Amino acid sequence: MGQDLNNNNHMTMEKPEETGDETLRISDRAAENKEICFPLLSISRLRMGTDGRGITTLVAGAGCPLDCRFCINKEMLERGRVRSVTSEWLYEEVSCDELYFLSTGGGVTFGGGEALLHSAFYGAFRKLCGSSWRLSVETSLAVPRSNVEMAADQIDEFIVDCKDMDPDIYNEYTGGEAALMLGNLRFLLEKAGAERIIVRVPLIPGYNTEKDRERSVKLLKEMGIKRLELFDYVIKQ
Ligand code: SF4
């Protein structure tokens, strides 16, 4: 694809091309075809049991619309250098573990930050890796509906950190609106089905209690969520 871009850059020097009764400037086409890149923070190989089934490579991307009180990713973002990478570059980089992916049913997990900010990237990556790699995302679902819809066509598994289902707790901890996450979760259930969704429900020190978490679990089960994981945020002093 790098080569395509070079070709397009070269083509911008040429005259507009006639296409029937509409005239498209070739430079406009180049803009349309411009490859969507991924803002890479880090790559972590050979993970087991932490980011979905099998052996996985975690690819962390920058950016998140939420502002969670105990976010470690923001710290990473401040310290790390973000590289903008193409799907081809990333595919080459992670494909050294293809044998592990294929033999364990694993693949690549996109995390962050918020992985669904980069939904437009996954179609190009899927074309390169094919259907045998398992692609997962770690998400808070605090993104526009169109991002969820786009990803549902490419991603095998959604690992959702719901924070807490109580709107006040959610807002106090993240600064965001629980209604957006909830609406996207309902949509995803409808579009992808419960088997492709894991919802992680954290205990967040100082923000929710065991009782709050039980209430969240109950609500999620009533919605039709079947795969739930409970975990505790561990806060470094
Ligand atoms: S959703 Fe994750 S990345 Fe975003 S602010 Fe919260 S902890 Fe950080």
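Guide: Burial comes first. A residue is buried if 20 or more other C-beta atoms lie within 10 Å of its own, exposed if 12 or fewer, and partly exposed in between; C-beta atoms are placed from the backbone. This is a predicted model: local features need pLDDT of at least 70, side-chain atom pairs count only at pLDDT 80 or more, and totals for chains, interfaces and linings use all residues. Residues are numbered from 1 along each chain as its sequence is written.

Visitor: Is Ala124 buried, exposed or partly exposed, and why?

Guide: Ala124 counts as partly exposed, because it has 19 C-beta neighbours inside 10 Å. Ala124 is in helix 6. Helices (H or I, at least four residues) and strands (E, at least two) are DSSP runs, numbered from the N terminus.

Visitor: Zoom out. How many helices and strands are there?

Guide: The protein has 10 helices and 10 strands. An open sheet of eight strands runs in the order 5-3-4-6-7-8-9-10, with mixed pairing. Strand 5 (83-85) and strand 10 (227-232) are its edge strands, each pairing on one side only. Two strands pair if DSSP finds at least two bridges between them.

Visitor: Which strand does strand 6 pair with over four bridges?

Guide: Strand 7, in the parallel sense; strand 6 covers residues 107-111. Gly107 has Arg134 as its bridge partner in strand 7. Phe110 has Val137 there. The chain goes from strand 6 through helix 6 (residues 119-129) to strand 7, a right-handed β-α-β crossover. Right-handed means that, with the strands pointing away from the viewer, the path from the first strand over the helix to the second runs clockwise.

Visitor: What happens on the way to strand 8?

Guide: Another right-handed β-α-β unit, made of strand 7, helix 7 (residues 145-152) and strand 8. Four bridges join strand 7 to strand 8 (residues 157-161), and the two run parallel. Glu138 has Ile159 as its bridge partner in strand 8.

Visitor: Why call strand 7 largely enclosed?

Guide: Six of the six residues of strand 7 (residues 134-139) are buried, so the rest of the structure largely encloses it. Both faces are covered. Arg134, Ser136 and Glu138 are buried on one side, and Leu135, Val137 and Thr139 on the other.

Visitor: Now the core. Which residues touch the most other members?

Guide: In the largest nonpolar core, of 40 residues, they are Val59, Leu116, Val137, Leu141, Phe158 and Val160. The largest share, four residues, comes from strand 4 (residues 55-61). A nonpolar core is a set of buried Ala, Val, Leu, Ile, Met, Phe, Trp, Tyr and Cys residues joined through C-beta atoms within 7 Å.

Visitor: What does Leu116 contact, leaving aside its neighbours within four places in sequence?

Guide: Val137, Thr139, Val143, Asn147, Val148 and Ala151.

Visitor: What is the average pLDDT?

Guide: It averages 86, and 83% of the residues score at least 70. Over residues 1-31 the pLDDT is below 50. That score is the predictor's confidence in each residue, from 0 to 100. Where pLDDT is low, the predicted coordinates should not be read in detail.

Conventions. Two residues are in contact if their C-beta atoms, placed from the backbone, lie within 7 Å.
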